[in-house]
Amino acid sequence: MNLSKIHGSDTSGEAEPLLVNRGGKLWLGLASDHTDRLLETVSLAASKQACVKVCATALWDINEIRVHIDQLRLRSWIKEKGDWELYQDGLLEQILPLTTLSAQMRKHRSFGDVARNTSGYWGRSPNG
């Protein structure tokens with residue numbers, strides 16, 4: 001397992017699905033949109049840029065998991081006062097159903113035929 005050390009007591013991560021378009025084929029991964037919460041009070045853009053973005057090394061072929069993708073559960077934990085506590089817990093469909101997301105991507109040309117070899121965060125669970 002590869003671990004990334006995050007510096008600063010005012011930072012937190014948010015586990016998010018990551019969509020990757022590799023050569024016109026969509027893949028699903030996992031990433032953390034780590035943010036400096038103190039800096040966020042001054043500048044959202046700067047708070048996102050201040051922290052490393054961590055991504056899992058494995059991807060799923062969207063076509064192989066399409067039938068149950070909206071039922072995939074995403075959970076993350078944070079360490080509070082020495083104890084691990086559940087921070088996020090939700091289904092992908094609670095973020096945005098894949099069919100809706102795919103339609104929006106085609107409409108805005110974020111993925112599909114235009115933007116090959118790109119990736120983007122899907123969003124975070126409302127339960128976190």
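**Exercise 1.** In this predicted model, find what Asp61 forms with Lys25 and which parts of the chain the pair links.

*Solution.*
- Start with the atoms. The closest N and O atoms of Asp61 and Lys25 are 2.8 Å apart.
- Apply the cut-off of 4 Å for a salt bridge. The pair forms a salt bridge.
- Place the residues. Asp61 is in strand S6 (residues 60-61), and Lys25 is in strand S3. They are 36 residues apart, so the pair links distant parts of the chain.
- Check accessibility. Asp61 has a relative accessible area of 8%, so Asp61 is buried. Lys25, at 34%, counts as partly exposed.

**Exercise 2.** Work out which residues are linked in a network of salt bridges.

*Solution.*
- A search of the whole structure finds 3 salt bridges.
- Arg73 forms one with Asp89, with closest N and O atoms 2.8 Å apart. Arg73 lies in strand S7 and Asp89 in strand S8, so this pair ties together parts 16 residues apart in sequence.
- Arg75 forms another with Asp89, at 3.2 Å. Arg75 also lies in strand S7, and this pair spans 14 residues in sequence.
- Join the pairs: Arg73, Arg75 and Asp89 form the network.

**Exercise 3.** Decide whether Gln88 is buried or exposed, and list its side-chain contacts.

*Solution.*
- Locate Gln88: strand S8 (residues 83-91).
- Read its relative accessibility: 0%, so Gln88 counts as buried.
- Trace the side chain of Gln88. It reaches the backbone nitrogen of Ala15 at 2.8 Å. It also makes a polar contact with the side chain of Ser76 (2.7 Å).

Terms used
Residues numbered from 1 in each chain as written. Predicted model: local features only at pLDDT ≥ 70, side-chain atom pairs only at ≥ 80, totals over all residues. Heavy atoms only, no water. Helix = DSSP H or I, 4+ residues; strand = E, 2+ residues; numbered from the N terminus. Buried < 20%, exposed > 50% of the residue type's maximum accessible area, 1.4 Å probe, protein only. Polar contact = N/O pair within 3.5 Å; in protein donor to acceptor, adjacent residues only side chain to side chain. Salt bridge = Lys/Arg side-chain N within 4 Å of Asp/Glu carboxyl O.
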